[in-house]
Amino acid sequence: MTREKREDTILQSEASGEKSSGSLNVIEILSIVLVLMISDLLVGYLLSFFTNSIAGMCLFIAFTVKFLITILYATYLHRIKTGTFKGIVKISWRGLDPVMILWGLLLTVSANIVLEPVISLFPEKYMRILENAVGSGGWALITSIFAAPFFEELLFRGMIQEELSAKYGVFRGIIIAALIFGIVHIIPQQVVAAFVIGIILGYIYVKTQSIISVIVIHGANNALAQFSLILTDDITVTTRDLISSDNVYFGVYAVSSLFLIIFAVIFVKFCFGKRGINGTVPEN
């Protein structure tokens with residue numbers, strides 16, 4: 001099935017209200033976020049009794065366990081609401097589009113560059129807290145490059161965005177899911193970056209109809225951040241710090257801004273022109 005046919009099928013489904021009647025509402029979505037936060041606190045507390053020598057492994061275990069608990073809870077809610085496990089996450093190898101993946105990675109890199117002046121306004125101490133918590137060892141790489149993209153995309157795009165889009169429309173689904181994705185990162189610098197990148201990933205998820213594409217993009221983006229940390233040994237180093245020439249930096253910044261403007265136009269046209277801002281809003 002071609003991408004155009006897949007999109008037409010989605011549009012017909014949304015127009016007829018096939019899926020929206022059994023989708024989760026905002027309160028139920030927020031309960032999923034609450035479960036994630038509580039799981040994070042409980043698992044983190046239990047693992048805090050282990051020694052610092054296995055801190056990296058504990059971080060990986062805590063991250064995995066809290067997301068497994070939350071995903072199981074979200075799956076349970078979906079099952080209760082719809083009576084089936086079907087349709088909870090779109091996993092399709094046919095949707096693994098190399099062009100969209102490259103476009104998504106280019107956009108995430110551009111977003112990181114463009115947002116740097118805004119992010120630099122927040123106190124540096126918050127990033128130091130993150131640096132101390134995450135570290136840079138092997139387990140940190142595994143958590144950041146593999147576990148985080150897989151579990152976060154499965155939950156925030158595959159489940160939360162999917163449910164919100166079915167009930168409140170694609171545009172609102174992407175924006176609200178991205179906002180939640182940003183807020184749960186807590187660190188102000190990450191909140192801003194994750195929100196914008198969440199919109200990019202949300203759009204690509206809808207376009208490709210496959211969680212695999214956004215997992216790959218998310219993993220590649222995190223890999224760039226991790227290797228940058230390894231090379232510079234400083235989590236606060238920016239593109240401006242790395243590029244000594246003002247002309248080169250402003251050129252890179254201008255091109256990155258242009259990419260984001262192009263994406264914004266495409267995103268708005270896609271959501272408003274083809275699907276509409278409201279999508280399918282069922283009767284409560």
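Predicted model: local features only at pLDDT ≥ 70, side-chain atom pairs only at ≥ 80, totals over all residues.
Reader: Why are H4 and H9 called oblique to each other?

Author: Start with the numbers: the axes of H4 (residues 98-119) and H9 (residues 211-232) come within 9 Å and cross at roughly 40°. Axes are lines fitted to C-alpha atoms, for helices over the stretch in contact, and angles run from 0 to 180 degrees between N-to-C directions. Under 35 degrees is roughly parallel, over 145 roughly antiparallel, 65 to 115 roughly perpendicular, and the rest oblique. H4 and H9 are therefore oblique.

Reader: Which way does H4 pass H9, and what does the handedness word stand for?

Author: H4 passes H9 in a right-handed crossing. Right-handed is the word if the near helix is turned clockwise from the far one by less than a right angle, and left-handed if anticlockwise.

Reader: Which residues make the contact between H4 and H9?

Author: From H4 they include Met100, Ile101, Gly104 and Leu105, and from H9 they include Ser213, Val216, Ile217 and Ala220. Contact means heavy atoms within 4.5 Å. By class, the H4 and H9 contact has eight nonpolar, five polar and no charged residues. Ala, Val, Leu, Ile, Met, Phe, Trp, Tyr, Cys and Pro count as nonpolar, Asp, Glu, Lys and Arg as charged, and the others, Gly among them, as polar.

Reader: How many charged residues does the contact of H6 with H9 have?

Author: The axes of H6 (residues 138-168) and H9 come within 8 Å and cross at roughly 145°, again with H6 passing H9 in a right-handed crossing. Among the H6 residues in the contact are Glu152, Glu153 and Arg157, and His218 and Gln226 are among those of H9. The tally is 13 nonpolar, six polar and three charged.

Reader: What about H7 and H8?

Author: The axes of H7 (residues 170-183) and H8 (residues 188-208) come within 7 Å and cross at roughly 145°, and that crossing is right-handed. Residues including Ile174, Ala178 and Phe181 in H7 meet residues including Phe195, Ile199 and Tyr203 in H8. That contact divides into 13 nonpolar, three polar and no charged residues.

Reader: Is Ile186 buried or exposed, and how do you know?

Author: Buried means under 20% relative accessible area, exposed over 50%, partly exposed in between (1.4 Å probe, protein chains only). Ile186 comes out at 65%, so it is exposed. Ile186 is in the loop between H7 and H8, and its phi is near 65°, a positive value in a residue other than glycine.

Reader: And Gln209, buried or exposed?

Author: Gln209 has a relative accessible area of 10%, so it is buried. Gln209 lies in the loop between H8 and H9, with phi near 55°, also positive in a residue other than glycine. Of the 284 residues of the protein, 47% count as buried.

Definitions and conventions. Residues numbered from 1 in each chain as written. Heavy atoms only, no water. Helix = DSSP H or I, 4+ residues; strand = E, 2+ residues; numbered from the N terminus.
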